[in-house]
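The sequence and structure are shown first.

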Amino acid sequence: MSAADSTLLSRYGGNLPRYTSYPTAAQFSDAVGPADSRQWLSALPASQPVSLYLHVPFCDTLCRFCGCNTAVLRNADARAAYGALLLEELRRIVAIIGPQRRISHLQWGGGTPTTLPTGTMRRVMQAIRQNFIILPDAEISIEVDPRHLPAAYPALLHELGFNRASMGVQDLDPDVQEACGRIQSWEQTRDCLDALRAAGVNAINIDLIYGLPRQDTAGVARTARAVASLRPDRLAVFGYAHVPWKQKRQALIPTGQLPGPADRVAQRAAIDGVLRAEDFLPVGLDHYASPTDSMARAMATGTLHRNFQGYTVDAAAALIGIGASAISALPGGMTQNAVSSAAYARLMAQNTDSLPVVRGVALDADDRLRATIIEQVMCTLQADLAETTTRYGLPADSLDPELGRLGGMARDGLVQVTGRQIRVTEKGRPFVRHVASVFDRYLGAGSATRHASAL
């Protein structure tokens, strides 16, 4: 690594949000509750499509690196009981927003949604189709675990209308897998992908992670080449977020074997080189898409978006989250349900009418302005501050302080500033969160303990 590169790493180290929303979840508080959720849902225009996200917080085994709200639950009756709660929350939401709303995007995440019994999955999907109108071009996606996908599930997913599945691979090196507590063979990954495509679930997303213990650049490149040979439609390449103060299971990670910042950057660059050579197009900070995938088209047309699930082609103004810990992003603000499945069940039982919301944040005009700019930076690597301030009815010089703070990044070659237009350079792509953070008015000196490594 050159001295110049080392200087960049020291200058732009530290911790930052991932900016899957703005304000980030760090700003959520119990000042927002069920009444706010009801008000914001009631205000949704009937003419606008909505997006649904359903969260299943169960896995068959826990991975040490995972930062999601999940737990092991092997009892089929308990899993079915959770499915009944999803149905009930759906009923309450429909009672608020009215039936036959159009859905432009439907995603099941977790955890591992396919831990639900097949009959439970069928009932929930049938209820959604009975109470909503799923648009013909809607993306209907689900997360699966190649190690634990029941044999009957691929055909069921196709029958229920799923057209995309996302699977974690992370790293194929056995030594890295042992350190992370996730043993997943190449054959399991290939066979799962083949089974889904053979059943008619044709679009496949694969997740990779760099910055894990015992990883090196040669190893992550081998994994990237192996995964690229499967020709997935999208790849997400995440930097491992070590936040043991949020997820106690991460305390089991051998921290002495974690790559440092320079190694993390080199690993990211190695994966990037492999995927570009395999003709995948880079998308934003950490995604890649086949040139024929809808995400590549959205990137080309400037219609790419970003929400709590990461980069998305979904343009709905309202994302409604259902299930334990699920987050809703609505024009009025953001809300989050009770995090644990037990707390979620208790809140659902306490009241037959209220939603199980425990915290959130209301949006003001400044939040909306900054959210627009941050999303533009994260998605298109550029933003027009003059156009955005005009759109929000603000003086042209409203963001002059932020523009001034970009000067150092411009001198480092990470961003180009022309008048009030900013563009992240290719050199600056790994630092795009730093550029976005300039517009985050909540980010302060004490924010580091709330977020993971910026690189």
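## The second largest cavity

At least two lining residues of the second largest cavity come from each of helix 2 (34-42), helix 3, strand 14 (319-322) and strand 16 (333-337). Helices (H or I, at least four residues) and strands (E, at least two) are DSSP runs, numbered from the N terminus. A cavity is a set of points, on a 1 Å grid over the protein atoms alone, where a 1.4 Å probe fits but cannot get out, and lining residues have an atom within 4 Å of a point. Strand 16 makes the greatest contribution to this lining, with three residues.

The lining of the second largest cavity comprises 13 residues, and Ser37, Gly321, Ser328, Asn337 and Leu355 are the ones nearest its centre. By class, the lining has six nonpolar, six polar and one charged. Here Ala, Val, Leu, Ile, Met, Phe, Trp, Tyr, Cys and Pro count as nonpolar, Asp, Glu, Lys and Arg as charged, and the others, Gly among them, as polar. The volume of the second largest cavity is about 70 Å³, and the structure holds five cavities of 30 Å³ or more. A volume is the space filled by probe spheres set on the grid points, which are joined across faces, edges and corners.

## Basis of the model

The model is predicted, with local features requiring pLDDT of at least 70 and side-chain atom pairs counted only at pLDDT 80 or more, whereas totals for chains, interfaces and linings use all residues. Residues are numbered from 1 along each chain as its sequence is written, and side-chain values use heavy atoms, with hydrogens and water left out.

## The second largest pocket

The second largest pocket has a volume of about 870 Å³. A pocket is an open set of grid points with protein on both sides within 12 Å along at least five of seven lines. It is lined by 35 residues, and those closest to its centre are His305, Arg306, Ala317, Ala371 and Glu375.

Strand 12 (305-307), strand 15 (327-330) and helix 12 (365-380) each provide at least two residues of this lining. Helix 12 supplies the largest share, nine residues. The lining of the second largest pocket consists of 18 nonpolar, 11 polar and six charged residues.

## Packing of helix 3

Helix 3 (residues 76-97) and helix 11 (residues 341-350) have axes that come within 11 Å and cross at roughly 50°. Helix 3 is therefore oblique to helix 11. Angles under 35 degrees count as roughly parallel, over 145 as roughly antiparallel, 65 to 115 as roughly perpendicular and the rest as oblique. Axes are lines fitted to C-alpha atoms, for helices over the stretch in contact, and angles run from 0 to 180 degrees between N-to-C directions. Tyr82, Leu85, Leu86, Glu88, Glu89 and Arg92 of helix 3 make the contact (heavy atoms within 4.5 Å) with Ser341, Tyr344, Ala345 and Met348 of helix 11. These contact residues are six nonpolar, one polar and three charged.

Helix 3 also packs with helix 4 (residues 118-131), at an angle of about 10° and with the axes 9 Å apart. The two helices, helix 3 and helix 4, are therefore roughly parallel to each other. On helix 3, Ala80, Gly83, Leu87, Leu90 and Val94 meet Thr120, Arg123, Val124, Ala127, Ile128 and Asn131 of helix 4. This contact of helix 3 with helix 4 involves seven nonpolar, three polar and one charged residue.

## Packing of helices 8 and 9

The axes of helix 8 (residues 217-228) and helix 9 (residues 261-277) cross at roughly 30° and come within 9 Å. Helix 8 is therefore roughly parallel to helix 9, and their crossing is right-handed. Helix 8 contributes Thr217, Val220, Ala221, Ala224, Arg225 and Ala228 to the contact, and helix 9 contributes Ala266, Gln267, Ala270, Ile271, Val274 and Leu275. Among these contact residues, nine are nonpolar, two polar and one charged.

## Backbone details

Tyr22 and Pro23 are joined by a cis peptide bond with omega of about -10°. Pro23 is located in the loop between strand 1 (15-16) and helix 2. The peptide bond from Gly110 to Gly111 is also cis, with omega near 10°, and Gly111 belongs to the loop between strand 5 (101-110) and helix 4.

Gln170, although not a glycine, has a positive phi of about 70°. This residue, Gln170, lies in strand 7 (residues 164-170).

Terms used: Left-handed = near helix turned anticlockwise from the far one by under 90°.
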